[in-house]
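I want each entry to say what I looked up and what I found.

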Amino acid sequence: MDKNVSRLLNSQINKEFYSSYLYFEFANYYQEAGLDGFYNWYYVQAQEEMDHALLMVKYLQNNGEKVTFDAIAKPSAALTDNMAPLKAAFEHEKYITGEINEIYAAANAAKDFRTMQFLDWFVKEQGEEEKNASDLIRKMELFGSDARSLYLLDSELKTRVYAAPSLVL
Ligand code: OFO
């Protein structure tokens with residue numbers, strides 16, 4: 001594998017673990033706020049992010065590349081109110097999309113078609129996650145200030161169930 005592509009994938013593993021850590025932090029915030037549905041939403045999201053990291057680990061291992069684990073940073077978002085995690089999540093997902101695109105571009109430049117194919121799933125996943133994150137902000141804007149509506153929105157988010165990723169290596 002091209003060394004630059006391998007290095008970028010290795011560094012993306014850390015970013016995916018960080019994403020997981022960040023979303024566990026958000027889950028923790030909502031748990032303390034008594035919003036069990038929002039808690040569930042981010043708990044599931046945190047599990048998915050861990051899956052993303054592990055898929056990249058497996059992919060590098062399958063291709064004979066060395067995997068290195070770096071320290072995971074402390075989650076940095078300031079959780080000042082119920083909207084703050086939602087906005088931070090949207091910004092974070094846009095950032096991650098940019099990072100995935102960078103690896104894709106590097107793979108393309110190196111004619112590493114296998115990695116491009118591997119990353120196709122992540123490109124699609126990021127599209128879905130950005131949409132989910134922005135939909136949640138919209139819903140919170142519409143319903144967040146009314147207690148009864150917030151309760152219903154929270155109940156809706158409680159129904160999200162963790163599912164293992166559809167990408168199999
Ligand atoms: Fe890893 O899926 Fe978004 O960040």
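**Charged pairs**

I looked up the salt bridges and found that the structure holds seven of them. I keep in mind that this is a predicted model, and that side chains of opposite charge can pair when their charged atoms come close.

I then picked one of the salt bridges, in which the side chains of K3 and E65 meet with 3.3 Å from N to O. Since K3 belongs to helix α1 (residues 3-33) and E65 to the loop between α2 and α3, the pair ties together parts that are 62 residues apart in sequence.

**The loop between α2 and α3**

I stayed with the loop between α2 and α3, where N63 also lies. Which residues does N63 touch, if I leave out those up to four places away in sequence? I found M1 and R114. I also looked up N63 against S6: the two are 57 residues apart in sequence, while their C-alpha atoms are 9.6 Å apart in space.

**α1 against α2**

I next looked at how α1 and α2 lie together, and their axes come within 8 Å and cross at roughly 165°. With an angle over 145° counting as roughly antiparallel, that makes α1 roughly antiparallel to α2. The crossing in which α1 passes α2 is left-handed, and the residues of this contact divide into 20 nonpolar, eight polar and two charged.

**α2 against α4**

I turned to helix α2 (residues 36-62) and helix α4 (residues 113-143), whose axes come within 12 Å and cross at roughly 170°. The two helices are therefore roughly antiparallel to each other, and their crossing is left-handed. I listed some of the residues that make the contact, including F38, W41, Y42 and Q45 of α2, and R114, F118, W121 and F122 of α4. I noted that the residues of the contact of α2 with α4 divide into 11 nonpolar, four polar and five charged.

**α2 against α5**

I asked at what angle α2 packs against helix α5 (residues 147-157). The angle is about 35°, with the axes of the two helices 7 Å apart, and α2 passes α5 in a left-handed crossing. In this contact D36, G37, F38, N40 and W41 of α2 meet L150, L153, D154 and L157 of α5, and the contact residues divide into five nonpolar, two polar and two charged.

**The length of α3**

Key. Residues numbered from 1 in each chain as written. Predicted model: local features only at pLDDT ≥ 70, side-chain atom pairs only at ≥ 80, totals over all residues. Heavy atoms only, no water. Axes fitted to C-alpha atoms, helices over the stretch in contact; angles between N-to-C directions. Helix = DSSP H or I, 4+ residues; strand = E, 2+ residues; numbered from the N terminus. Parallel < 35°, antiparallel > 145°, perpendicular 65-115°, else oblique. Left-handed = near helix turned anticlockwise from the far one by under 90°. Contact = heavy atoms within 4.5 Å. Nonpolar A, V, L, I, M, F, W, Y, C, P; charged D, E, K, R; others polar. Salt bridge = Lys/Arg side-chain N within 4 Å of Asp/Glu carboxyl O.
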